[in-house]
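Dear colleague,

I am handing over the structure we spoke of, and below it you will find what was found in it. Please read the notes with the structure open beside you.

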Amino acid sequence: FKMALFKIEGSCDFIDTFALKNIAEEIFGGERVTLSAIVEGNVLLLIQATELDQLNTLFESIREHYFTYFNKDIFMAVSSETLFENIPVMYREVRECLKYVFYLEEGTIVTKDDISTFKETENSGFVFDYDKIADLVKSGNIDSLETELNKFFQGINPASFDIDLAK
């Protein structure tokens, strides 16, 4: 089994989420979907193990249909393949994946492999005090702000952060 968790970009109400659930169930088909639910405003599907290429095709179809009716984009997080007994593990994995959609382009599928790059970067040893920059902006101290921003950019350069992550 694999777990798929769909998140609607921006704000949405229950009708938007319910419609996404119905579209996803219809496109995946009854033979692939073992369980479907709406959890914390996201659509959750427990599906039969499916290759990522096929999931991409299905996701694109769901995304296009949903965008046609609601003019909103969606993200999809997919867990690793595992046994039915590991549903809690799959759910934690897809929830963790959705934390990183900010760094990825709209309308993408996020997997555990995708977020491992971000986790490695987070643990790369680069630590920066973002609150200090915010305080300097609020105080209007331009010279100190410029110094802190230069320190920041010097710090991310050796760490070789991806452009999207550095943003």
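Five strands make up an open sheet of mixed pairing, in the order β2-β3-β1-β4-β5, where strands are DSSP runs (E, at least two residues) and helices are DSSP runs too (H or I, at least four), both numbered from the N terminus, and where two strands pair if DSSP finds at least two bridges between them. This is a predicted model, in which local features need pLDDT of at least 70 and side-chain atom pairs count only at pLDDT 80 or more, while totals for chains, interfaces and linings use all residues. Residues are numbered from 1 along each chain as its sequence is written, and side-chain values use heavy atoms, with hydrogens and water left out.

The edge strands, each pairing on one side only, are β2 (33-39) and β5.

Strand β1 (residues 2-8) runs antiparallel to β4, joined to it by five bridges, and L5 stands opposite A77 in β4. β1 also pairs with strand β3 (residues 42-47) in the antiparallel sense, over five bridges, with M3 opposite L46 in β3. On its other pairing, β4 runs parallel to strand β5 (residues 109-111) through three bridges, and M76 stands opposite I109 in β5.

Strand β4 (residues 74-78) is largely enclosed by the rest of the structure, because five of its five residues are buried (under 20% relative accessible area, with a 1.4 Å probe and protein chains only). Both of its faces are covered, with I74, M76 and V78 buried on one side and F75 and A77 buried on the other.

With best wishes

Technical notes. Buried < 20%, exposed > 50% of the residue type's maximum accessible area, 1.4 Å probe, protein only.
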